[in-house]
Every structure is written in C-alpha cells, then in structure tokens.
Amino acid sequence: MEFTRRDTLGLALGAAALTVLPFRANAAAEDAIAEFTGGADMAEGGVTLTAPEIAENGNTVPIEVSAPGAAAIMVLATGNPEPGVATFNFGPLAAVQSASTRIRLAGTQDVVAIAKLADGSFAKASATVKVTIGGCGG
Amino acid sequence: MAASALVGASGFGNWARLAAQQALSQDQLLEFDTFGNISLIHITDIHAQLKPIYFREPEVNLGVGANKGFVPHITGADFRKAYGIADGSPTAYALTHDDFSALAQTYGRVGGLDRVATVVNAIRADRPDALLLDGGDTWHGSYTCHHTAGQDMVNVMNALKPDAMTFHWEFTLGSDRVNEIVEGLPFAALGQNIFDAEWDEPAEMFKPYKFFDRGGAKVAVIGQAFPYMPIANPGWMFPEYSFGIRDENMQAMVDEVRAAGADVVVILSHNGFDVDKKMAGKVSGIDVILSGHTHDALPEPVLIGQTHIIASGSNGKFVSRVDLDVRGGQMMGLKHKLIPIFSDVIAPDPAMTALIDEQRAPYATELAEVIGRTDSLLYRRGNFNGTWDDLICDALISEREADIAMSPGVRWGPSLRPGDDITREDIWNVTSMSYGQAYRTEMTGEFIKVILEDVADNIFNPDPYYQQGGDMVRVGGLGYRIDITQPQGARISEMTLLKTGEAIDPAKTYVVAGWASVNEGTEGPMIWDVVESHIRKQGTVTVNPNNSVNVVGV
C-alpha cells in the first residue's frame with residue numbers, strides 16, 4: 001500500500017498532506033552523508049536541530065540549525081525522494097553559525113542535520129517530523 | 001449515604017437536590033485551610049457550559065508508552081482505589097463513570113458558572129488577591145456561544161474577572177473574531193507558543209507571560225496554547241498563526257522570567273496531560289503546570305521532578321484551588337484541592353445567574369424545544385466510542401444514506417440520563433462548532449484504513465509530543481480491531497462493514513458521511529440539523545451497546 005500526498009489530494013479528508021507509513025531513510029540520504037563526512041564518525045551533540053514534532057503544513061516546515069564554530073551544516077530530509085535540503089557554509093567572519101529555512105516533507109520522516117565542526121570532526125542531530133491528516137483533536 | 005438507597009426514588013423535583021444536600025454541604029466542598037501566601041484558582045475547558053449539566057467521566061482512557069497505567073490513564077474502580085475513594089460516594093460520582101445514571105439521581109447536576117462564581121468568590125474572601133487562571137476552550141461549545149460568536153462566554157467570564165487565559169477552540173471563531181475579542185479583553189491573553197505563521201516569530205497580540213505581585217512574591221504566569229491547533233482544527237480559519245510545543249522557547253521564557261526576578265513560575269497550559277508531563281521533564285524551573293485540554297480531573301497533583309501538574313477537568317465541573325508558599329525566590333510548599341461543582345449543593349451567585357440568563361434570553365425558545373427523549377444514558381467520553389457519538393453516527397448513516405459514518409473524537413459534550421428529554425440545546429452541546437458541515441463522500445477501503453491509522457497514531461503514539469489529545473475517530477457501520485501497541489500502519493485490522501458482515505475491501509468504494517472536516521469548502525447540512533432530524537423521527541432514542549471495536553494490547 002502506498003499513498004503519496006498527490007494521490008490523496010483529491011480525497012475528502014486528504015487536503016492536508018499525509019502518508020501511510022513513516023518514510024525510511026533512503027540510499028540517497030546515506031550517500032549524501034558519506035560524501036559530506038567522507039565516512040567519518042559523527043558525534044551526538046554539538047549541533048542543534050529545531051523542528052516541529054508535527055508539521056502544521058508538510059509543504060512548508062520551518063526548521064532551524066545551529067552549531068557553534070561550525071564550518072558547514074548539511075540538512076537532509078531523509079524520507080524525501082530527493083533528500084538534500086541545503087548545506088549552509090559559514091565563513092571565518094560569520095558571527096553565528098546558525099540558519100533557518102522552510103522545507104517540504106513528503107511524509108512523516110526524520111530530518112537530519114550534520115555539522116562539520118571547526119576541528120574537522122562531524123556532529124549529527126535528527127528529529128522526527130510527523131505529517132498527518134489531523135482533524136480530531138478535542 | 002449509599003447511592004443504592006435512592007436509586008428507586010424519583011430523580012425529579014426536589015429529591016435529587018435533597019439527597020445531594022444531605023450527603024454534602026457547600027462548606028464541606030469549600031473547606032480549605034488557607035496556606036502560604038499565594039492562591040491560584042484554575043478552571044479550564046469550560047466549552048461554553050454556562051448552566052449545570054451532567055458529565056460522565058470516561059470508562060476507557062488508555063495510556064501508552066511510559067504513561068501506561070498511570071493517571072489519568074486509570075478509570076473506574078482502579079481510579080477509586082488509587083485515591084481511596086468510596087464506591088457510590090459523591091467523589092466517585094464526580095470522578096468515575098460507574099453507576100453513573102443511578103448516582104446522577106442522587107447527586108444531581110454539576111457545573112454552572114453561577115456556582116463557579118460562588119466558589120471563586122469564597123476563595124477570594126479567604127485570599128482577596130487570588131489569581132484566577134482560565135486554561136482555554138472557553139468560547140466554544142454551545143448554541144448561545146455559536147450564535148454570539150463567543151460573546152456570551154466573554155461577557156460571563158469578564159464578570160468572573162480572570163487574570164489570564166490561554167487558548168484552543170477559541171481560534172475556530174476565525175482569527176478576525178479572536179483578534180477582535182482579545183483586543184478588548186480586560187485580562188492577559190497568553191501563549192508563548194503562539195507565533196506569526198509568516199515570520200515564525202512570537203505573535204504580537206499574545207504575550208508569552210505576565211508577572212503578578214502576590215503575597216510579597218513575584219508570580220510569573222506563562223501561557224501555553226494548544227500546540228496542534230492548525231492540525232486538529234481548520235488552520236484555514238486562522239492562517240496568520242502558528243503554534244507547536246516549542247519547548248526550547250518555553251525554556252527560554254522560564255529562564256527569562258527567572259532572570260527578571262520571578263519567585264515562582266506557573267504555566268497555564270493547554271498541552272494535554274501527557275504532553276505537560278513530558279514538558280515538565282524537559283524544561284527546568286517550572287513550579288506548577290495548570291493542565292488543560294485532555295479534560296482529566298485529578299484529586300492530587302502529579303509531581304515530575306520539582307514540577308506539580310494540576311488537572312482540573314472540563315465543562316465547568318471542577319475548579320482547582322492551589323495555595324503556594326513562596327519565600328525567597330523558592331516555592332516551599334503547595335496545597336491543592338480539586339473542588340467538584342455540585343450544582344445542587346453550591347448556591348448560585350445571583351448576579352452571575354442573572355448575567356447568564358441575560359445571555360440566554362434571546363434564544364430561550366430555541367434552546368428549550370424538546371426534540372425527543374432518550375432511553376439510554378448519552379455520554380461522549382471514552383477512547384473509542386460513546387453513546388452520543390453512536391447516536392450521531394446512526395443519524396449520519398440514516399439521514400445521509402451512508403454505509404459508514406465518522407464522528408470526530410472530541411472530548412467535550414455533557415451527558416443525558418436515561419429518561420431525559422433531548423432538547424435542541426442538548427444536541428448543540430455535543431455538536432456545535434464553526435465547521436459543522438456533515439459531508440457525504442466516497443472513500444476506498446484503503447483510504448478509510450489510512451484515516452483510522454492516522455488518527456490512532458495521534459492518540460497512541462508512545463511519545464506524547466506526537467499526540468494531539470483527542471480520542472479515536474468514532475465510526476458507525478464499521479467494525480475493526482486495533483492493537484494499540486503497534487506502530488502507525490499496523491494498528492488497524494479486521495475492518496468489517498457491519499451491515500453485510502463482509503470484510504472491507506481496500507479497492508472497493510464506500511459511501512462515508514461525517515462531520516467536522518478540517519478542509520476548507522466542505523459541503524453538507526449542519527450536523528446539529530442532521531441529528532435533530534434523526535431524533536425527531538425516532539421520538540425516543542435507544543442506543544445499543546457498541547462492541548464493534550475490538551481493542552487489544554491494553
């Protein structure tokens with residue numbers, strides 16, 4: 001069984017984005033990570049990813065990443081057909097190493113932020129963002 | 001007094017009142033040795049119930065993950081045992097579901113904002129500067145509230161003089177109306193998580209917190225609106241606003257008020273109980289969370305670390321009094337009482353009665369019209385079904401000629417006893433909303449499963465931050481099995497079309513009628529008209545026991 005957001009748009013309750021199952025991280029996401037880190041280990045901590053637990057609108061989900069001292073932060077939507085979202089590069093004169101943007105999520109999935117820190121090591125943070133039909137809270 | 005002694009007696013006339021008054025007194029209900037230097041009064045989720053009502057608490061309220069088996073996820077005898085409540089006692093009637101119809105005869109109605117006013121006034125007599133805090137879901141839920149776009153509730157609550165409020169269903173009045181009311185509110189409208197959707201910055205109209213100088217201490221009250229408003233309710237009605245839990249921002253606000261000299265930090269929350277528990281474990285520096293949204297009524301605070309969480313019920317049935325001893329920037333102690341508002345025991349405040357009646361007067365004839373009568377106890381609360389929604393689903397199937405009906409898993413709506421008349425007001429109390437269109441559409445079996453799985457995950461996701469706080473969508477004409485321990489996509493099975501007994505075919509199309517769609521442009525007659533028409537045809541309604549949902553993994 002597979003529903004895409006587009007399939008459900010025409011259905012009565014489907015105007016809000018939805019999918020059936022949480023999307024799994026795909027091979028493209030793993031490749032992108034390997035390319036960014038060169039296969040290096042990633043520490044937990046050192047990068048902060050702020051994202052809503054449940055998206056109000058899967059088409060435009062606000063996220064924020066920050067990693068003090070980082071040279072670059074890569075953001076991936078691991079369940080999207082094209083998982084690459086953005087890579088933020090911070091020059092030596094950047095006052096803060098943080099960025100916010102809005103991303104599109106095809107369904108419930110993990111969003112991942114990987115930072116390349118000043119010492120050349122890598123740090124990773126992830127957050128599950130749920131995309132739901134909603135409509136029954138009370 | 002044994003409840004059974006009075007079961008055979010008439011519940012009409014003065015019998016109920018006399019019985020309730022013999023068992024209880026206003027003095028007993030209000031008895032409280034004033035403690036410390038600050039008093040908080042919490043009321044929440046009134047859902048526009050100005051007048052006394054009956055309200056049956058849930059029989060089924062399942063917890064998952066870390067919350068399995070903990071309050072508020074215990075009910076009935078287990079709940080009474082946990083708190084040492086005697087069977088058949090007034091407290092058993094107020095807090096648990098068993099023998100509801102019989103106990104209702106004995107102890108009568110609950111709530112009524114004129115009774116609430118008496119309680120608030122009595123607490124203020126003990127402590128004149130007590131803070132009255134309204135947890136929201138106030139301007140929604142009745143015939144008069146709908147027809148006045150919330151003005152009846154605004155007028156009555158203003159007379160109660162709250163100090164602050166937070167929000168949920170209020171936003172379903174539409175953002176223009178909400179803005180109009182909030183601009184004129186004589187008290188603080190709070191929500192640290194109410195953001196401007198376009199800029200993702202705090203919304204100007206709603207402040208995150210307010211300081212109050214009370215008892216020689218500085219009290220910070222931080223608001224937390226319902227986090228999932230644009231998901232659980234129609235976001236197109238308030239597109240300028242964004243919400244979310246935003247516990248990073250909550251931590252920032254707690255730190256900010258502490259740095260500004262707050263001696264005690266109180267969160268006025270519409271998160272729902274399990275979300276509040278999780279937040280209390282993640283955000284440090286909160287002394288008290290006044291919890292709303294999930295309609296739980298708990299006779300004792302729940303302590304998470306140093307944070308006391310207070311749950312004060314719904315529909316005007318309870319008021320919590322919380323006295324705090326705050327000295328030298330620290331909370332040294334807390335004393336709490338959940339006060340059930342027994343309407344036949346607590347004297348109404350005459351000025352408030354007059355004000356309430358004034359709001360209702362223009363609609364008196366419409367409100368009072370008897371549409372039918374019920375042979376069955378009509379109630380809503382429960383994770384999977386309630387008799388009110390069974391009746392509403394019957395109405396949808398019959399009036400809209402559908403195979404399957406869906407009714408939203410909301411938790412508001414008072415109860416009616418067997419033998420009671422059903423008035424138009426009663427129907428509106430369980431259906432009124434600003435998006436009440438009853439749609440009729442075709443759905444494949446596969447899509448119906450998608451809906452059930454999606455809603456089930458909003459209740460049974462083991463992480464409370466991924467829950468929305470309602471109950472399962474109620475269904476008519478459809479049976480299913482649900483394993484609440486499974487992940488999304490694997491909870492629902494054995495879906496059956498009840499009228500034929502056949503399994504639901506994923507590829508086949510079924511006619512589905514429902515109401516309260518969050519989609520803009522939903523078409524159909526209003527649900528209250530559908531239900532009224534159905535009840536009128538029945539005359540007397542009987543709701544048979546509903547065994548069509550097979551729950552496993554409890």
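Modeller: Let's start with a definition: helix axes are lines fitted to C-alpha atoms over the stretch in contact, and the angle between them runs from 0 to 180 degrees between N-to-C directions. Keep in mind that this is a predicted model.

Biologist: Thanks! How do I use that to read a pair of packed helices, and at what angle do helices H15 and H18 of chain B pack?

Modeller: Two packed helices are described by the angle between their axes and the distance between the axes. Here, helix H15 (residues 387-399) and helix H18 (residues 527-538) of chain B pack at about 85°, and their axes are 9 Å apart. Angles of 65 to 115 degrees count as roughly perpendicular, so that is the word for H15(B) relative to H18(B).

Biologist: Which residues make the contact between H15(B) and H18(B)?

Modeller: From H15(B) come B:Ile392, B:Asp394, B:Ala395, B:Leu396, B:Ser398 and B:Glu399, while H18(B) brings B:Val530, B:Val531, B:Ser533 and B:His534. Sorted by class, this contact has five nonpolar, three polar and two charged residues.

Biologist: Now the sheet, please. In what order do the strands of the open sheet in chain B stand?

Modeller: The six strands follow the order S4-S3-S2-S1-S14-S15, with mixed pairing. Strand S4 (188-189) and strand S15 (330-340) of chain B are at the edges; each has a single partner strand, so one side of each lacks a neighbour in the sheet. Helix H6 (residues 113-126) of chain B packs on this sheet and touches S1, S2, S14 and S15, its direction making about 170° with that of S1(B).

Biologist: And how many bridges join S2 to S3 in chain B?

Modeller: Two bridges do, between strand S2 (residues 131-134) and strand S3 (residues 164-165) of chain B, and the two strands run parallel. In that pairing, B:Asp134 is found opposite B:Met165 of S3(B).

Biologist: Let's zoom out. Which domains does the assignment give for chain B?

Modeller: Chain B is assigned domain 1 (3-358) and domain 2 (371-552). Their contact draws 45 residues from domain 1 and 33 residues from domain 2 of chain B. On the domain 1 side, helices H5, H7, H10 and H12 of chain B are the elements giving two or more residues. H12(B) gives the most, with four residues. That side of domain 1 has 20 nonpolar, 19 polar and six charged residues.

Biologist: Finally, how many helices and strands does chain A have?

Modeller: Chain A has two helices and eight strands, and from the N terminus they run α-α-β-β-β-β-β-β-β-β. Of its 138 residues, 47% count as buried.

How values were computed
Residues are numbered from 1 along each chain as its sequence is written. Chains are lettered from A and ligands numbered from 1 in the order in which they are written. This is a predicted model: local features need pLDDT of at least 70, side-chain atom pairs count only at pLDDT 80 or more; totals for chains, interfaces and linings use all residues. Two strands pair if DSSP finds at least two bridges between them. Two residues are in contact if their C-beta atoms, placed from the backbone, lie within 7 Å. Domain bounds come from an automatic or database domain assignment. Ala, Val, Leu, Ile, Met, Phe, Trp, Tyr, Cys and Pro count as nonpolar, Asp, Glu, Lys and Arg as charged, and the others, Gly among them, as polar. A residue is buried if 20 or more other C-beta atoms lie within 10 Å of its own, exposed if 12 or fewer, and partly exposed in between; C-beta atoms are placed from the backbone. Angles under 35 degrees count as roughly parallel, over 145 as roughly antiparallel, 65 to 115 as roughly perpendicular and the rest as oblique.
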